[in-house]
Amino acid sequence: MEERKRIVVVGGGITGLTSAYYLQKETREKDYPLDVELLESSDHLGGKIDTVQKDGFTIERGPDSFLARKESAGRLAREVGLGDELVPNGTGQSYILVNGKLHKMPSGSFMGIPTRVRPFLFSGLFSPVGKARAALDLVKSKKTIEGDQSLGLFFRRRLGNQVVENLIEPLLSGIYAGDIDRLSLQSTFPNFYDLEQKYGSLIKGLRQTYPMKKPKKGEKKPSMFRTLRNGLGSLVEAIDERLEPGTVQKGVKVDHIEKKANGYHLLLSDGTVKEADAVILAAPHYAVQRMLSQYDFLEPFKETNATSVANVAMAFDASAIKKDIDGTGFVVSRNSDFRITACTWTHKKWPHSTPGGKVLLRCYVGKPSDQEVVRKTDEEIEEIVLNDLNKTMNITAKPEFSIVTRWYDAMPQYTVGHKQRVNEITEQMEKDLPGVYLAGNSYRGIGLPDCIDQGEAAVQNVIDFLYH
């Protein structure tokens with residue numbers, strides 16, 4: 001009879017949960033003699049996914065949605081019985097705050113890159129000089145670069161400073177909470193470099209590959225995002241319920257991992273030792289470096305920064321908002337005198353989240369240049385946010401309640417050369433630590449589908465390692 005193998009998944013965020021779920025599914029369907037355990041250092045599963053239900057509101061303290069075109073998140077939701085709970089975002093006008101004024105996001109732009117001329121020409125976001133500079137993308141020759149480059153450098157070369165600072169930078173900083181002049185093109189949007197190489201122009205390339213139809217009059221633009229009716233926390237709960245009983249151990253940290261002749265020993269914070277034939281490290285880069293501190297090739301993870309962000313969700317009676325804005329939210333450019341970086345009008349973007357006659361706003365603080373704001377008290381953060389909001393809206397009452405959430409060192413910075421560093425570390429791990437695999441938002445993508453994809457890939461790596 002074949003000896004049973006033990007697999008330990010370290011980290012109970014969405015990546016680790018995905019890994020444990022699909023490993024157990026493979027075990028059942030293919031009758032592998034596998035025992036799978038998941039270790040989570042905190043008392044909370046789901047990582048940054050954290051849903052609060054309060055007074056009829058559904059409030060996300062972490063991510064609120066995922067991109068529909070990346071299919072793994074929707075597929076996982078359907079797998080665990082939540083297919084009927086998937087809901088699209090309410091679409092509407094989104095804005096960019098530049099020099100203290102809200103400007104409509106030009107229609108027909110893809111991640112801030114124009115694909116239609118007319119909305120761009122009539123936008124107040126750019127001066128005539130800025131518009132003319134962006135148009136040079138249509139004729140400017142491509143530049144072939146060996147290796148990586150920063151997002152800022154690439155987009156400035158193609159479209160000029162104004163489009164970068166007033167449109168692209170606020171959008172991308174909202175996703176990565178980083179400085180686009182340091183963020184890696186190859187680790188975030190390598191497809192843009194490929195478009196430049198193939199079509200000689202970002203605008204031409206996007207028109208060919210992402211043709212954006214102009215919506216007919218009265219027709220709503222299609223929803224790009226999905227969430228779950230009862231919050232993304234319901235996905236975490238559904239996965240947890242489907243894991244084999246006794247699989248998950250919370251409140252225990254892995255202090256150290258040692259390679260032995262026949263596998264690995266994981267030394268835990270409670271003094272016990274777990275033995276494993278294979279390990280999936282679905283943990284942040286700095287935690288991995290600490291657990292495997294005896295290996296010098298993981299030293300680059302010490303230099304990988306992660307920024308901190310905070311968000312505040314505020315619930316109001318609709319009567320408190322005297323000057324409303326017709327839209328789903330706005331992002332803030334760096335040249336604006338605001339400390340918030342983005343605001344979502346959640347009651348419009350996700351109507352199911354908010355009771356009738358109420359308003360739910362969610363704002364972020366914590367630019368790379370303003371990290372100290374995250375450490376302020378709840379009351380101080382709420383005051384900063386309300387002060388900024390009242391520059392564009394007229395809010396006459398205090399919130400009925402607010403929920404402040406801080407995420408320390410939560411946004412790993414994919415700086416220039418990140419992909420190469422991760423590839424080199426992965427190659428070295430294959431030699432020195434066979435059967436140990438990295439997965440999670442520190443490595444190959446930060447969105448929920450990216451993390452789920454990495455969890456699935458790690459499962460395949462483990463199965464291949466043990467059985468092929």
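Three strands form an open sheet in the order β5-β11-β6, with antiparallel pairing. Strands here are DSSP runs of E of at least two residues, and helices are runs of H or I of at least four, numbered from the N terminus. Two strands pair if DSSP finds at least two bridges between them. β5 (66-67) and β6 (86-88) stand at the edges; each has a single partner strand, so one side of each has no neighbour in the sheet.

This is a predicted model: local features need pLDDT of at least 70, side-chain atom pairs count only at pLDDT 80 or more, and totals for chains, interfaces and linings use all residues. Residues are numbered from 1 along each chain as its sequence is written, and side-chain values use heavy atoms, with hydrogens and water left out.

**Around the sheet**

β6 is joined to β11 (residues 225-228) by 3 bridges, and the two run antiparallel. Val87 stands opposite Thr227 in β11. Helix α2 (residues 72-79) lies across β5, β6 and β11, at about 145 degrees to β6. Axes are lines fitted to C-alpha atoms, for helices over the stretch in contact, and angles run from 0 to 180 degrees between N-to-C directions. Contact means heavy atoms within 4.5 Å.

**Aromatic pairs**

The structure holds 14 aromatic pairs. Rings of Phe, Tyr and Trp (its six-membered ring) pair if their centres lie within 6.5 Å; planes under 30 degrees apart count as stacked, over 60 as edge-to-face and the rest as tilted. Two of the pairs are tabulated here.

| Pair | Centre to centre | Angle between planes | Type |
|---|---|---|---|
| Phe154 and Phe155 | 5.3 Å | 65 degrees | edge-to-face |
| Tyr176 and Tyr414 | 6.4 Å | 50 degrees | tilted |

Tyr176 lies in helix α6 (residues 161-176), and Tyr414 in the loop between β23 (401-412) and α15 (418-432), so their pair ties together parts 238 residues apart in sequence. Phe110, Phe154, Phe155, Tyr176, Phe189, Phe192 and Tyr414 form one aromatic cluster.

Buried means under 20% relative accessible area, exposed over 50%, partly exposed in between (1.4 Å probe, protein chains only). Phe154 is buried at 0%, as is Phe155 at 0%. Tyr176 is buried at 9% and Tyr414 at 1%.

**Charges over rings**

Lys349 lies over the face of Phe225, 5.3 Å from the ring centre. The charged end of Lys391 sits over the ring of Phe338, 4.5 Å from its centre. The cut-offs are NZ of Lys or CZ of Arg within 6 Å of the ring centre and within 35 degrees of the ring normal.
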